[in-house]
Each structure stands twice: as structure tokens, then as C-alpha cells.
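Hi,

Here is the structure we talked about. Please have a look, then read my notes below.

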Amino acid sequence: MTAEHAVLPAEGTRSHTWDAAGPPVIELDGVTKTYRTGTLEVDALRGVSLTIDEGEYVAVMGPSGSGKSTLMHILGCLDVPSGGVYRLAGEDVSTLDETRLAEIRNQRIGFVFQQFNLLPTLTAWRNVELPLVYAGVERHERRERALAALDRVGLSDRVEHRPGELSGGQQQRVATARALVTDPALILADEPTGNLDSSSAADVLGLIDELHRAGRTIVLITHEPDVAAAAQRTERIRDGRIVPVTDPGTGGHR
Amino acid sequence: MNTVETFRTGLEAVRAHRLRSGLTVLGITIGIAAVILTVGLGEGAQQQVAAQISSLGANLLIVTPGSSTSTAGIRGGFGSASTLTVADATALASPTVAPDIAAVAPTVSRSETLTAGTANWTTTVVGTNPSWLSVRARTVSEGRFLTQADLTQHAAVCVLAPTTAQELFGGRDPVGQTVDVAAVPLTVVGVLTPVGASGSSNQDDQAVVPLTTAATRIFGGANRDAVNQILLEATSTQTLSAAYQEANDELLALHGITAPASADFSIESQQSLISTATSVDRTLTVLLAGIAGISLLVGGIGVMNIMLVSVTERVREIGLRKALGATPRVIRRQFLVEASVLGLVGGVLGVGLGLVGAVALPHLVHDPIAISGAATAGSIAVAIAIGVVFGVYPASRAAHLAPIDALRSE
Ligand SMILES: Nc1ncnc2c1ncn2[C@@H]1O[C@H](COP(=O)(O)OP(=O)(O)OP(=O)(O)O)[C@@H](O)[C@H]1O
Ligand SMILES: [Mg+2]
């Protein structure tokens, strides 16, 4: 799937596209993840193979404890697989050091977490500008871009509010603004609507859909079928394995 | 992320935990102030002693009877029968023998009771020659000092130090009055200018008489040529060691001693007196500074403790910053800056407190405090170093947190 960034209104000047003719954005090959807690071993992922092309919108569904978050952390380079190979844009991430991984997270990936993960001491725009601080963007430009991103999520009037002074839906919109401010090619969202009421959830999903239409590759984790319905493709995960989709319409194996 | 941003983030973190940062800073502040004050007190005491000793006479060498090296055989009559004579002094005064010696003052001294009318006062009577005034770096405030004529005539005259004059004559002018010493009536011809007390001997309480008068008319005794000390004045500070060498060689030759180790006299410079006196103070200073240093160390451990608490408390924040692209280097620097800001603020406040103390304390304890710029700058550097050194471990712990473990923790 090819992508056009021109649709993007706010940051049309800056974009990271992977070469359309090149390798898939995400390529998992027999990825396993084993957590060790004392003597106890938990196999959170038991051999996941998955390919996601540029510009795809993929929903990952599965029951609680099936390994969805574990998968997202590996996709986002926040954690490393215990076995198997993960190639991000053709590059085997196990060969990259911590500094390089930090750069990749900073420039290519935008995260939206279920618990928002905003810094409580910083105002909305200071939270949004954080990735730009680490990208080495000059201060004036950071503020401009953070304000533009907040404008996109409809929070121009809450720029100087701290997270504690915002509703859950507004906080998640701030987090979404933070995910898109660097104009990343890949957006990873782990149950972004899990803590929101239906109208706030619709706002956030609308934003994600917009990003997809702007050419971003999206991986959305959820266990709500109607949330997954917005995606082009749904992968189901169960007990750490990808399972075939039997009926795309009626949700998961619960 | 550039340095300015790192500093901004570090400062924000310090500000966000005001009370905690404040208490940590307090530890450093007290430590630095304690070091500055103890070192200042010690320096002040050393300078005071050095100033007092050098006020006794510049470029002064003191020859005393007795061996200077106790390990080399028998000491030559230390303090008892003197091995130094007027002839020794005369020989040293010769410019051909000792060109680097400017003036020579042999002295004999003894404690005597002085009587003037109904007043009497016991003090040190010093018999010497006119050179004594310049060798001792003294001046006369009233009347005149001893002359060569007084010496040759065994004149019955004396010069009083100010305290002695005050004790004997009260407010009256002593010049021209008569003082009885060991039943010998002496005419007061002058009064010395005060110089202040120094160590055990009070330089403002003594009576100076001609050496000849003292030997023959006041002290008497079997050996009238013997002297207690010979004071030498070198021509300059630079020639002090040459003067020492000339005096040493000449006296060894005069006394017929071949091995310098068995010399029956010793020569001391003011410099050696100063170093003896100040070394005692220095030992005390080092001890006090050591104790103050320990309080500084405790302050440093406080910084480390706070930084570790801060890392543990902010695991989630660190994880999030890493997820958003902070490299381990950036995280480490952020925490190092935080720690050194604590150290810097503590150092500056500590120096401030130390300076206030340096102004206030002398009024309470009547001891001078010498604060040097180098010590002050050094203290601030030490405080920052403490922040950095004790911040390194917490900072590297923060830097090496796995982003996901950090994010997951509640
Ligand atoms: N740090 C960890 N240490 C040990 N076990 C872990 C750890 N993280 C996850 N697990 C285990 O791995 C499995 C998968 O967890 P994961 O968080 O990926 O589930 P999930 O699909 O996201 O569930 P949910 O929908 O409830 O968020 C679970 O059994 C969990 O207990
Ligand atoms: Mg989860």
C-alpha cells in the first residue's frame, strides 16, 4: 500500500516515509517473548509472525493476557524479543544499540497509551513538545509545532492546562497530539479508548483515522470489535499466537 | 538535546521538589560553611602568630647557648653556664668576618624588682648594646635609647618598656626619674613604643640597660663576659641564610669545634619560630577541617540519597522520556545536572553563610578569621564536585532503566 502525505494539513513540510518499493514497515518472524519472574516463566508471545506494509491500518484483537501489549512494546522498540527476528523497515532491531533505538522511537514512532502517560508537572503544550526536545528541534519551532498539533486535536484552548486540569478524553487527545507532533510514519496505539467514554473514544478514533488517511501506518490494539472495525485488517492474538480470523464481523474468541 | 535544554529540565526537576531539594541543599550549605569557617579560623590564628613573631624583628637570627642537635652527643650547658661571650658578639660584628650581618646585639637578662619611690614592679632586665633597638625592630616614644657612650662608661641609665613605665610611674613622665634595681639607682633616659604582647614574653614589659652596667653593677656573678643570647640582624631577607652560615662558621672556629654536630650553641631564625608556632595551629586546623569535611561528606551522601529517591520516584517519567526518544546519555546528563545544581546552590549558600559567620564570629570569640578567595572558590568547586560524584550512581541507574520496565511500573 502506498501513501500520500499531502493530505496532512498541519505538518505537510516534514515527513518520514519509508521507500514504498522497499521492505514492509513491520516484519515479525517467529517472535517469542518469555518473562521470567523468579523461577516462574511466562511465555507472553509464542512465535508471532506478522507483516505490516506501509500505510496499513491494522487492528490487533485478543482477550486479556493474550500478549497484545507485549507485542506492541516489541513493535515500538520499548522491549526486545526473546527469540525470532523483528525487522523494522528492513532493519533487524536486535543489531541496534540503545541510543539508535531511542532515535527510532523519537523519529519514526508515535505512541498512544491506554493510561495516557502525560507528565503531570508539564502543561499540555510542554507535554506535546517533549519528543521535539529530544529530536533537537529549536525552542521557538517546538512551540509552534506543539500548538499546531494541539490545534489539530481540537485543544487550542487548553494549551496551558496541566494534565490534572483536563478530562480523560482531553488528556488522550493531548497524548495523540504528542504522538503526531514529530510526524512519525508509524503510530502504535495500545487500547487508546480503553479509559474513555464513547464520545471521547470517537474523537480519538477519528483522529487516528485521519492520520491513516494521511498515509501513516497504524497498529491499534483493542478488544472492542467496533473499534477494530475502523481498521482495514484485523489480526487476532490468543495465548501469544496469531490465530486465523474466522468471522471478521463478530469479534474475537472471548 | 542541547546543554541549555538539559539545564532547564534539571532546574525544573529541582524546582518541582522544592522542600526536598531545599533540605538537601541545607546539608551541603552547612558542610561548606563549616569548612570555610574552620579553615578561616586556623588561617587567622596562623597569620596572627606569624605577624606577632615577625614584629619582634625583621631578618632576625637568635644565637643561644646549647646544642641544636640533641642526637649528637652531650649538649653544651644549655641554659646554665653560658658558652656565648661578649667576644663572640664582637667577632660577629666585624664586617670582614660576617659581611651579611648588619647588626649584633648580645643580651643578658634576668628577672629583677624595680623600685621607684613607693612603687615596685618585677620585670625582666635586659642588658644589651645600642644595636638592640634596630635588631628588635623597636622605636623609642620618649627620650632616647642607649648609646655607645653609656656602654663604655657603664652608665647608670635605663630605657623602660611602656607597661613597666606605667606600673612604676603611673601617668607621670618617667624620663629623668630614678629607678632602683638591685640597690643600683638608674636614671630613666627613654621609653619604648608599645608593640603588643607576643607568646610568653611580654615585649612591652621590660627594662633595657647597657650590657656593661648589667654585667658589672647589677647582675655581677663569676663570668661577666657570658651572655644569654646574641641577636643578629641580616642585611636583608635574601641574605638570611648566608648570615646564618657566616655566624655558624665563625662561632665554630672561635669555640674550636670541628664537628658541626657537636656545636655548643644553636642558631634559630624567626622563620623557624614561625613554622614551629604555626605548625601547632595547622594541626588543629587540619583536625577541625577534617571534622567539617565529614559533615560535607554527609551532605554529599544526602545528595545521593535524594537523587536515588528521585530516580525511584520518577521511574515512570524516565520510561516515558525514553519512549519519546531520550537516549541514555540525555537521561544521565539530566540527573547529573540536577545533582550538580543541588551542589552548586548548596556551595554558594554555604560560602554566603561562611562569610556572614566570618564577619560575626570574631565579635564573639575574639579570634581573627582569614577567608581567602582561593578557599572560597575551592569550596564551590568541591560542592559541585560532590553533586556530580554523588549524582553519578543515581544518574547511571536512571540511564540504564529499560524503557518498558520503567513505563510499566506503577
Ligand atoms: N513484566 C512482566 N513480567 C511477567 N509477566 C508479564 C510481564 N508483562 C506481561 N506479563 C504476562 O504476559 C502475558 C501477556 O501480557 P500482556 O500485557 O501482553 O497482555 P495483554 O494482551 O495486553 O492484556 P490486556 O488486554 O489485559 O492488556 C500475561 O500473562 C502477563 O501476565
Ligand atoms: Mg495490554
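A salt bridge here is a side-chain nitrogen of Lys or Arg within 4 Å of a carboxyl oxygen of Asp or Glu. By that rule, three salt bridges count between chain A and chain B. One of them pairs Arg142(A) with Glu5(B). Their closest N and O atoms are 2.7 Å apart. Bear in mind that this is a predicted model.

**The interface**

Seven residue pairs are in polar contact between chain A and chain B, both residues at pLDDT 80 or more. On the chain A side, helices H2 (98-108), H3 (124-135) and H4 (139-152) each supply at least two residues. H3(A) gives the most, with six residues. By class, that side of chain A has 12 nonpolar, five polar and eight charged residues.

In total, 25 residues of chain A contact 23 residues of chain B. The two chains bury about 2200 Å² between them, 57% of it on carbon and sulfur atoms. Leu78(A), Glu98(A) and Tyr134(A) supply 28% of the area that chain A buries against chain B, more than any other three residues.

**The ligand**

Where does ligand 1 lie? Ligand 1 is between chains A and B. Of the 15 residues around ligand 1, those that come nearest include Ser64(A), Gly65(A) and Thr70(A). A side-chain N or O atom of Ser64(A) is 2.5 Å from a ligand oxygen. For a polar side-chain atom of Thr70(A), the distance to a ligand oxygen is 2.6 Å. Gly65(A) uses a backbone N or O atom, 2.8 Å from an oxygen of ligand 1. The protein covers 68% of the 630 Å² of accessible area that ligand 1 has on its own.

Best wishes

Technical notes:
Residues are numbered from 1 along each chain as its sequence is written. Chains are lettered from A and ligands numbered from 1 in the order in which they are written. This is a predicted model: local features need pLDDT of at least 70, side-chain atom pairs count only at pLDDT 80 or more; totals for chains, interfaces and linings use all residues. Side-chain values use heavy atoms; hydrogens and water are left out. Contact means heavy atoms within 4.5 Å. Buried area is the accessible area (1.4 Å probe) that two parts lose on being put together, summed over both. A polar contact is a pair of N or O atoms within 3.5 Å; within protein, one must be able to donate a hydrogen and the other to accept it, and residues adjacent in sequence count only if both atoms are side-chain atoms. Helices (H or I, at least four residues) and strands (E, at least two) are DSSP runs, numbered from the N terminus. Ala, Val, Leu, Ile, Met, Phe, Trp, Tyr, Cys and Pro count as nonpolar, Asp, Glu, Lys and Arg as charged, and the others, Gly among them, as polar. A residue is near a molecule or strand if one of its heavy atoms lies within 4 Å of it. Accessible areas come from the Shrake-Rupley method with a 1.4 Å probe; for residues, only the protein chains shown count as cover.
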